[in-house]
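Here is a short walk through one protein structure. Keep the sequence and the 3D view open while reading.

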Amino acid sequence: MSGVLSNPAYLRVFNSPDSNAQGGITAAMPAGSLIGALAVTQLADRIGRKKTVILAGIIWVIGSILQCASVNRGMLVVGRIISGLSVGLSSAVVPIYQSEITAPAIRGRMVSLQQWSITWGILIQYFIQFGCSYIEGTASFRIPWGLQMIPALILSAGMLVFPESPRFLFDQGREEEALQVLADLHGGGDKTDELVVLEYEEIKQQVYFERTEGAKSYLDLFKNGNPRRVMLGCCLQMWSQLSGMNVMMYYIIYVFRGAGLTGTRGNLIADSVQYVLNVAFTVPAIIYIDKWGRRPMLIAGTLLMGFWLSLVGGLQGRFGHWGTIDGSSDPIWLVSDNDAATKAIIVCSYFFVCSFAITMGPVSWTYPAELYSLKVRGKAVSFATATNWLFNTALAWAVPPGLSSIAWKTYFIFATFNFAACIHVFFMYPETVGRTLEEVEEIFQQGHLFTAWKIGREVGKRTVEDVVNKDGQARFILHFRFITKLMHHIQKISLDEKTAA
């Protein structure tokens, strides 16, 4: 939306929405995403990860058509809600799919590539909107909204040739197919490859155990040791939104206008720089996320983001005042006639975006996908993603009125959230880098609820021999439980027969 907020044709067609109305229009898409994220667990566990991604692409096309053809606010909001359903589905299921088909050593980089792809999508769409802003009339915003369909069509068509998740296949009883997928992905087709055997045995072990102990509903997320991991995933997604990044994505034109940058073209060009930086600074995260680790990146990122936002708020508060621009009658907090302050605010905003892109951006999607066991993974990741979209919706709606009422103080609120997130991560978030999804189980068996830094990087690491030996123990336990239940049932039948006699 950021590319059309100052578009004269957009303002004319949709009756120049005020801060509250524009907040509602913007929030419509994350609201739909919230619903989609909650629905994904049923789809991902029933029809599979692959088909869910294909369905998400089809839904996005429908939403894009409605947005492109919208003639009033209601139609635009409905189109954005439908598109949001697609975003919610894909944002929850894609990290699951990626984490389940990639080797542990590169999982962080693969999931980070998703974040990088998102930044590329934002950048390309923004420049399309910028280019179309030179067109007179409604085509200036309808063309960019219509072109959104193309990536969705490519995604749905491309997924047709991708394999299904081996973990999903195994859970559906298609064990031989799961083994072949693992061999193709990790062993060049060799089913005896050590990594393939390790992954297969761990998946088998996990599935056998969870068929008797696994989650059946959302309520099961809060039983048997799951609440800690569920809250970690949900809180991380919450902090990623409260970091303030989406303020810079959705409403950067308002931020720079308040900094004293006037003129539609000049503002759009300055806005475009942050999208370029977002793409560029995600690259180091992709390369080094599996070397740096999740904890160091989150701690450093939240500290830096809080610092830059504090500077933005301080500069705005010190050099700003209430005033009007571009002939508008609505007062805004702005910096005027102070070129140094304007440049400093813009630079600090750029540094904030860079700090997010290299840390919180990729990790906030990588970490939740690594936390959960197979049976709860679909539900837990959708729950965490729904938390992301819940706060995204609230902030998308609340930020425009916030900037128009408490102005520069808004930045200090988000800075405080970042510092709080840093404290939370330091004490409660254990490192998960380099482990298989099954080895993560060992991490949380260590305890250390409030001393997460004590859990070393080698905790949970296992060899093929370890897995095979544990598999034998697990099968013994399962057989023992089965025999115990069978004996109990026989005794109950015998007692009932005696009572009847």
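A residue counts as buried when its relative accessible area is under 20%, as exposed when that area is over 50%, and as partly exposed in between. His186 has a relative accessible area of 15%, so it falls under the 20% limit and is buried. The model described here is predicted.

His186 lies in helix 9, which covers residues 175-186. The side chain of His186 comes to 3.0 Å from the backbone oxygen of Ile101. Setting aside residues up to four places away in sequence, His186 touches Ile101, Thr102 and Ala103, and also Asp193, Leu195, Val196 and Glu199.

Ile101 leads on to helix 4, which spans residues 73-101. Helix 4 has 29 residues and reaches 41 Å from its first C-alpha to its last, close to the 42 Å expected at 1.5 Å a residue. Of these 29 residues, 21 are buried, so helix 4 is mostly covered. At the start of helix 4, a side-chain oxygen of Asn72 reaches to within 3.2 Å of the backbone nitrogen of Gly74.

Helix 2 has 28 residues and a reach of 41 Å from first C-alpha to last, close to the 40 Å expected at 1.5 Å a residue. At Ala39, helix 2 bends by about 35°. After helix 2 comes Gly48, with a positive phi near 105°.

Next come the nonpolar cores. The largest nonpolar core has 76 residues, and within it Phe352 and Tyr372 touch the most other members. Helix 17, residues 339-358, gives the most to this core, with 10 residues. A second, separate core has 13 residues, among them Ile54, Leu89, Val93 and Ile101. Returning to Phe352, its contacts beyond four places in sequence are Ser243, Gly244, Met245, Met248, Met305, Trp308 and Leu309.

Asn246 is in helix 12, made up of residues 245-250. With a relative accessible area of 17%, Asn246 is under the 20% limit and therefore buried. The side chains of Asn246 and Gln241 are joined by a polar contact of 2.6 Å. Apart from neighbours within four places in sequence, Asn246 is in contact with Gln241, Tyr251 and Asn392.

Is Gly293 buried or exposed? Gly293 has a relative accessible area of 0%, so it is buried. Gly293 sits in the loop between helix 15 (282-292) and helix 16 (294-319). Not counting residues up to four places away in sequence, Gly293 touches Tyr288, Glu431, Val433 and Arg457. Gly293 and Gly108 are 185 residues apart along the chain, and their C-alpha atoms are separated by 9.0 Å.

The last topic is cysteine. How many disulfides does a search of the whole structure find? The search finds 0. Cys348 is buried, with a relative accessible area of 8%, whereas Cys68 has a relative accessible area of 23% and is partly exposed.

Methods
Residues numbered from 1 in each chain as written. Predicted model: local features only at pLDDT ≥ 70, side-chain atom pairs only at ≥ 80, totals over all residues. Heavy atoms only, no water. Helix = DSSP H or I, 4+ residues; strand = E, 2+ residues; numbered from the N terminus. Buried < 20%, exposed > 50% of the residue type's maximum accessible area, 1.4 Å probe, protein only. Polar contact = N/O pair within 3.5 Å; in protein donor to acceptor, adjacent residues only side chain to side chain. Contact = heavy atoms within 4.5 Å. Core = buried A, V, L, I, M, F, W, Y, C linked by side-chain atoms within 4.5 Å. Disulfide = S-S within 2.5 Å. Expected span 1.5 Å × (residues − 1). Bend = angle between axes of the 7 residues up to and from the residue.
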